[in-house]
Amino acid sequence: PARFRIRPDGSGDAGVKLDLVLPPGPVSAGASWEHVAPPSRLAPLELRTAYKLEREEVIAGRRCLVITATITGELTAGGKSLTHRGKARLALDPRAGVLVRAVSDARTIVTEPPDAKGPRRKETHIRSRLELVDRR
């Protein structure tokens, strides 16, 4: 898997940026919440993310909340279809307000109308592991 670093502001190497949307109020282990991101310049489809607070765990000497996320999105327009599916495991240090670790696996599939050669399909599969550059 590719390795990137997350800075305390959420930005990372190679232009990678992770967004974690927290629930509006306090939650405990086992709680779930959802966020729907509207289409944007980077993602032309609505992305639905289902989050779940799994547990508390000490990672890199920090007390973290481990959160899983499942991301889905589909778009069909002009004879083309775009499908995105992903899963992530995030470790958040709630005291510092930073992601300490994020491991993700995502697939994006673009299907275009068939041409003389048959169906056209392009699949992108990205696995990543990001870790905080800690300068405490």
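What follows is a walk through the strands of this predicted model and the side-chain pairs that link them. Residues are numbered from 1 along each chain as its sequence is written, and side-chain values use heavy atoms, with hydrogens and water left out. Because the model is predicted, local features need pLDDT of at least 70 and side-chain atom pairs count only at pLDDT 80 or more, while totals for chains, interfaces and linings use all residues.

Let's start with the strands, which are DSSP runs of E with at least two residues, numbered from the N terminus. Two strands pair if DSSP finds at least two bridges between them. Strand 3 (residues 47–59) meets strand 4 (residues 62–77) in the antiparallel sense, with 11 bridges. Leucine 53, for instance, has isoleucine 67 in strand 4 as its bridge partner. The two strands form a hairpin with two residues between them, and alanine 60 in that turn has a positive phi of about 50 degrees.

Move on to strand 5 (residues 80–93), and you find it joined to strand 4 by 13 bridges, again antiparallel. Here threonine 76 stands opposite serine 81. This is another hairpin with two residues between the strands, and glycine 78 in the turn has a positive phi of about 60 degrees.

Now for some side chains. Where are the aromatic pairs? A search of the whole structure turns up one. Rings of Phe, Tyr and Trp (its six-membered ring) pair if their centres lie within 6.5 Å; planes under 30 degrees apart count as stacked, over 60 as edge-to-face and the rest as tilted. The rings of tryptophan 33 and tyrosine 51 have centres 5.5 Å apart and planes at 20 degrees, so this pair is stacked. Tryptophan 33 sits in strand 2 (residues 32–37) and tyrosine 51 in strand 3, so the pair ties together parts 18 residues apart in sequence. On accessibility, buried means under 20% relative accessible area, exposed over 50%, and partly exposed in between (1.4 Å probe, protein chains only). Tryptophan 33 is buried at 12%, and tyrosine 51 is buried at 5%.

Also in strand 3 is threonine 49, buried at 8% relative accessibility. Leaving aside residues up to four places away in sequence, threonine 49 touches Trp33, Glu34, His35, Ala69, Thr70 and Ile71, where contact means heavy atoms within 4.5 Å.

Over in strand 5, have a look at histidine 84. Histidine 84 is buried, with a relative accessible area of 16%. Beyond four places away in sequence, its contacts include Leu45, Ile71 and Ala106. The side chain of histidine 84 also makes a polar contact with that of threonine 108, at 2.8 Å. A polar contact is a pair of N or O atoms within 3.5 Å; within protein, one must be able to donate a hydrogen and the other to accept it, and residues adjacent in sequence count only if both atoms are side-chain atoms.

Finally, the charges. With a salt bridge taken as a side-chain nitrogen of Lys or Arg within 4 Å of a carboxyl oxygen of Asp or Glu, the count comes to 11. One of them joins arginine 85 to glutamate 74, with the closest N and O atoms 2.4 Å apart. That pair links strand 5 to strand 4 across 11 residues. Arginine 85 is partly exposed at 37%, whereas glutamate 74 is exposed at 54%. Another salt bridge brings together glutamate 123 and arginine 121 (3.1 Å, N to O).

Key:
Helices (H or I, at least four residues) and strands (E, at least two) are DSSP runs, numbered from the N terminus.
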